[in-house]
Amino acid sequence: MGKKGSTKSVESQIWQWTETIKCTEITAKEVRTSYRLSLTSCKNCRKNCIGNPRCLDGLGESYWLNPGNTSSTDQNVLLKVEKENEAQRRQPGELVGLRNLGATCYVNTYLQLWFHNLDFRKALFQLNEPIDSNFHTSICGQLQLIFGLLQSGAQKCVDPSSFIECLGLATDLQQDAQEFSKLLLSVLETIPGLSGVIEDQFSGKYAYVTTCQSCKMVNKTPSRFYELDLNIQGHKDLKSCILEFLQQEHLKDENQYFCDNCQSKQNAVRQIVLQKLPKTLSIQLLRFVYDRASQRKHKLSTLLSFPDKLEFSSIIGADGVSSLENSDNIEYQLSAVLIHRGPSASSGHFIAHILDSESGNWYKFNDEVIVKMKGGKNLDLDSNKGEDDIWKSVSTELPAKRAKVSKGSQSSKDVYMLVYSQKFTVTDSNDLCVPSHIQTLVDSSNTEFETELSNGYSDAKKQLKQDQEQRKSVQQFLQLLNREDGVCEFVPTSLLKQLLNPNKPTEINRKDQNVLCVHGNLSLEKVSAMKYIPKAAADMLYSFCNNKGVVRISEDMMCRICVETRCLLLQAKAKLVADYALVQEVLKSIETKRLSSLDQCFYVGRHSLRKWRSAALKNILEKYKTAGKSKKEMGEASTSDHQTDALDSSESDEKFYLNRDIICDHGYLMMDMKLYQPVPLAIWEILQSYFPDGTPFLVQDSLPCAQCAAKIEEQERQLKTCKAKAQQQRAILSQLFSNKNRPTYENVFGAQSSTHCETELFFIISEEFLSDWREFVRCPERNQEVTTVKNEMFLCPHRKLLYDLGATLHFTYNNMKETKAPECVFLWEEEWKYIKTNFIVDYAISFCKTVTFPCKVVIEKMPNEPAVTNKLNKSASPVAKPVQETTQSKQDLSVLIQSNCTTVSSPPSKPQVTVTSFPDVCVDCMEGLAAEDQKKLCTYTNADVFVLKSTKTFKEMQDMHEDSIPSDGLLNVPLQNGQKRNVRSRRSTRGEKKLVNISSDLTLKELKVKIMMQYAVPPFDQNLWLNGKLLVNDDAAIGSLSITPGCTLTLVEDTPNLDENPIIFETTKPTELETGFKGNLSNLVRAAESSNQPSPNSTCSFLVDLADIQSMKQNLQELLTSFRSNKLQSFGENDTIQQMENIRTMQGRLARLHFGLDREVEYDGMEDSPSSLAMHDDNMTNLLSNLENLSTAIKSLKSQPSPQSKPELS
């Protein structure tokens, strides 16, 4: 009884009284029993009993009765709020962290690193960045605000969202930390107030020095750096990495250096010489290397040791020290270490270990978490303190034990960058005053933060007071709930649970309020969702909820009418069960013994005997569903359910009628006796009591329908006739039925003839007619007779042929591809004669083939006869009939004759075939249909187009345009020996590439951009051919150019020759260089670079001035010299890649000068590795030659007067 889910057992128990008590004898006791009030109250139920309205346990009262959930809990809540507030407040002298916005840990590490550089912070604070409408986009202003919050903020963690948004960085994408550092420093260096400190603190210089061994000429190429990029592969300590970076390299044999003084390749020595070291030296360790095999970056887990003090005098020696500008200060102290946690280059987490210059202690900066190193003075890079969340995400194991290193050194497998500072650099922290306008923003932020904490604490106290008052009220309610005397009411169980559960709202679910029956009382179906509680407890419950309009249900609202209706329903169901059992028992006895002919029996349909029980039950439910309702109540109840009832009635089966399944259309008994069986009178009376409108069929008086018998006899006669007709048609048209000896394409349109006649007729029928006719002949019992041949589908409105049926026959026979015409079949003349006689034909379509057999006649003079020519002109000639035309030449004489003359000695020539269709082909309609099909074919989306790059030149393509690839992209393979091939299965061509997701509204220019992604050929160098035609309109949609799905375009690349003609330039908009970073940071870099370009409003009509050309020539000459001396090997991989990027930029600028484009172009796909340097030697030499030609062209054009209009591109 106390178990949840025992509703069914409770239901059968409470309605057990209906078996002995009639509906008219129901008293108040039965009504209360029906509403389950006769059940006893449960005691100590763990789960509330759904079917018992008196069970009031397991509703959530245990929480309120537990003495532990009282004042101690309240005090814990306030203490918890105070601790959370204190955890967010910054303590005096405490360092502040930065919140990670998703994948911005690389930004946080560098912000902390630059913040702890006191000289840089001081210079930044001295900038005057006004707070105006552009402050949110000012990088320096936002950086000042971040530093001000880190220095004077009240929060323990600063949110860098405004700074990240100012840079335009994606918070969910982790960028390269080194690239971010270089780009931001390069932007800040352009600001006058920061350029000096950045150059002094972070910028250094070195030179590439190459010495020719023959003439001893020294070539120096200076370069600046923010970070020294050191290779760590094969090294165990930092000193060996630096020595490899500075070591000499001997260039000899095939790697000789081209000396400008000797004008030949000579042996040389190359090395990097340090010229100036910054006060803050950043050393980038190249842990991320590119693997060509996997085409991915991998992280090197090399264990590297590095000293706490770095003395360059012991590394580079006296000669190296003497070359430095600041040779007196070359001793450095380790001040910061950047760590990358994670197994790969594409994922992981950045952490900074920074030495605090004020306290002299080491701290670990892990975004929001800042941890002081053990003892403060000792750096422990392998400690995972404060990194529990990181190790769970990037590794399944804790870091290994720390490797043993010598005193004064550190080691790590994850170190990413080292920062060393000169010993003498000391800045007083008292001079680091936050600017007044920034301090105002910081003070405002601190005030808002304290207000937020104070409001949170006040809200917690207020909520706590409300909870205490609620607890007292609920405990009082529970006392009233357990009383068993007095007047009671029904309340929803869900309302009680919501009140007693403190984690849920106390609003009443409106669905639970639909508990009234159509008589306005409590519905019997809703009793299981109600509880029977004292009226005083109910009053208090509804006062807690403050729900207006809630219907309260007293114990007087138990509906007697519903109880009576339910009693009648249950008793009717019980009677139906008993009657069904009796009927089944009698039917089984009928099967075992035959009914006596004297018994009064009735025919009942077998389908009715299977379905009567379910139909009777449905009628009972429908009957007692509306029992006891008044007219007004029925109208109100049916209004809301009107649409649902209409839908149910339309979807349900038809109304059940007894014996409807054995009544024919004429209202009599059906002929098929298998559909019904005789039953005794007792069974018929039972069935008729449930279905009074059933039609009785007394066995002795009921005979099958005479009209149905006559109809069946007529159907059998017609079927016999159809079978005879089908057998006759199959015998006469046996070859057409079995598809043997059919007219082929050669029979109809070729010289081959099935007879010796010169004229032969063929006729057309549709494949649809033939298929239906074969089905009828094969099985006339199941298929309708075919009597009409419909050929109207092949005709146009002018009653001419709409399709080329000869081509349809050709493609169908060879199984080549589908045609738009309906499928057709050719008939022999004898077959058509039978079809025309025995079928109704709407239009006759015929093909008349005439074969003429010309022969070659040798003219000889016969004895005692005149010349043959004279004989041919005589009408009475017995040898040949007169002909209309003769042809004679010096070599031969061909005539059309009908003769058995023995003078015909040479074999006949090729027969002449003439095929005439009736009716004729309608050319206008056929062309219109073809145009409509072509329009549909050229309208598509998400299609595939193929491109094949040709090695031929533009001139060669013009000469062989007739051999271009078909527009449909299908390979027309010639058929041999009658072979059939489906050419729709497309074959791929070697070197062919597929473009996917192509739509017909795409322009040709946009298509060329997609082709550039596949073949790396710029759009202006692309010549696209289709069906021997050059596509030239770049603004046209490709659908209008007849580019269809699956077609193959031929790509011919244009290779311009810059030496043939002088180049004419036109004014174009300066383009922006693309960088790896997106957003405002890269925009500022591009803006700084573009500021050196000529103004668009300048009177000069050239894209780049002559001075720029000379500068490009000089820079490219230096790079060429450096590369020739640095082939195959390099000291620093990153520096080599940077030089390659410089060449790329100049190549793009050169391409823009020549072609007048808006975009940068890469020409040779340069590989980013030192081993690829040799292959670019000739390329750079060609670039220098092209620059010379450009200089000459610009000089000649500048000497001429400026044109009135833009010159055309040459």
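How many helices and strands are there in the protein chain? In this predicted model, the protein chain holds 35 helices and 39 strands. Of its 1210 residues, 41% count as buried. The accessible surface comes to about 67700 Å², and carbon and sulfur atoms make up 49% of that area. Contacts in the chain can also be sorted by how far apart the partners sit in the sequence. Among contacts with a separation of 6 or more, 75% are between residues 24 or more positions apart.

A helix is a friendly place to begin a closer look. Helix α25 covers residues 767–778, which makes 12 residues. Which residues of α25 are buried? They are Phe-769, Leu-770, Trp-773, Arg-774, Phe-776 and Val-777. Viewed down the axis of α25, the buried residues fall within an arc of 160°, and therefore they line one face of the helix. The partners of these buried residues include both helices and strands: they pack against α22 (706–732), α23 (734–738), β26 (759–766), β27 (788–789) and β28 (824–828).

One of those partners, α22, spans residues 706–732, and a record has something to say about this part of the chain. The unreviewed UniProt entry places the feature "coiled-coil region" at residues 705–732. In the model, residues 705–732 are 96% helix and 0% strand, with 41 Å between the end C-alpha atoms.

A search of the whole structure finds 27 aromatic pairs. One of them joins Phe-312 and Tyr-332 in an edge-to-face arrangement, with 6.0 Å from centre to centre and 75° between the planes. Phe-312 lies in the loop between β14 (309–311) and α12 (313–322), whereas Tyr-332 belongs to strand β15 (residues 331–341), so this pair ties together parts that are 20 residues apart in sequence. Are these two residues buried or exposed? Phe-312 counts as buried at 0% relative accessibility, and Tyr-332 is buried with a relative accessible area of 0%.

Another pair is formed by Phe-490 and Tyr-532, whose ring centres are 5.0 Å apart; their planes meet at 50°, so the pair is tilted. Phe-490 sits in strand β21 (residues 488–492) and Tyr-532 in strand β22 (residues 530–534), so the pair ties together parts that are 42 residues apart in sequence. Phe-490 is buried, with a relative accessible area of 1%, and Tyr-532 is buried too, with a value of 7%. Rings can also join in groups: ring pairs link Tyr-106, Tyr-110, Trp-114 and Phe-180 into a cluster.

Phe-847 lies in strand β30 (residues 846–852). Why does Phe-847 count as buried? Its relative accessible area is 6%, and buried means under 20%. Leaving aside residues up to four places away in sequence, Phe-847 touches Val-748, Phe-749, Glu-760, Leu-761, Phe-762, Ile-764, Leu-801, Leu-805, Phe-826, Val-915, Thr-916 and Ser-917. Phe-847 and Asp-920 are 73 residues apart in sequence, and their C-alpha atoms are 9.8 Å apart in space.

Some details of the backbone are also worth a look. The peptide bond from Phe-918 to Pro-919 is cis, with omega near 0°. Pro-919 is placed in the loop between β34 (912–918) and α29 (923–937).

Where does Asp-367 lie? Asp-367 is found in the loop between β17 (362–366) and β18 (369–372). The phi angle of Asp-367 is near 55°, a positive value in a residue other than glycine. Asp-367 counts as buried at 7% relative accessibility. Arg-799 likewise has a positive phi in a residue other than glycine, near 65°. Arg-799 lies in the loop between β27 and α26 (805–814), and at 38% relative accessibility this arginine counts as partly exposed.

How values were computed:
Residues are numbered from 1 along each chain as its sequence is written. This is a predicted model: local features need pLDDT of at least 70, side-chain atom pairs count only at pLDDT 80 or more; totals for chains, interfaces and linings use all residues. Side-chain values use heavy atoms; hydrogens and water are left out. Helices (H or I, at least four residues) and strands (E, at least two) are DSSP runs, numbered from the N terminus. The expected span of a helix is 1.5 Å times one less than its number of residues. Buried means under 20% relative accessible area, exposed over 50%, partly exposed in between (1.4 Å probe, protein chains only). The arc is that of the directions from the helix axis to the C-beta atoms. Contact means heavy atoms within 4.5 Å. Accessible areas come from the Shrake-Rupley method with a 1.4 Å probe; for residues, only the protein chains shown count as cover. UniProt positions are given in the numbering used here, feature names are shortened, and annotations may be inferred rather than shown by experiment. Rings of Phe, Tyr and Trp (its six-membered ring) pair if their centres lie within 6.5 Å; planes under 30 degrees apart count as stacked, over 60 as edge-to-face and the rest as tilted.
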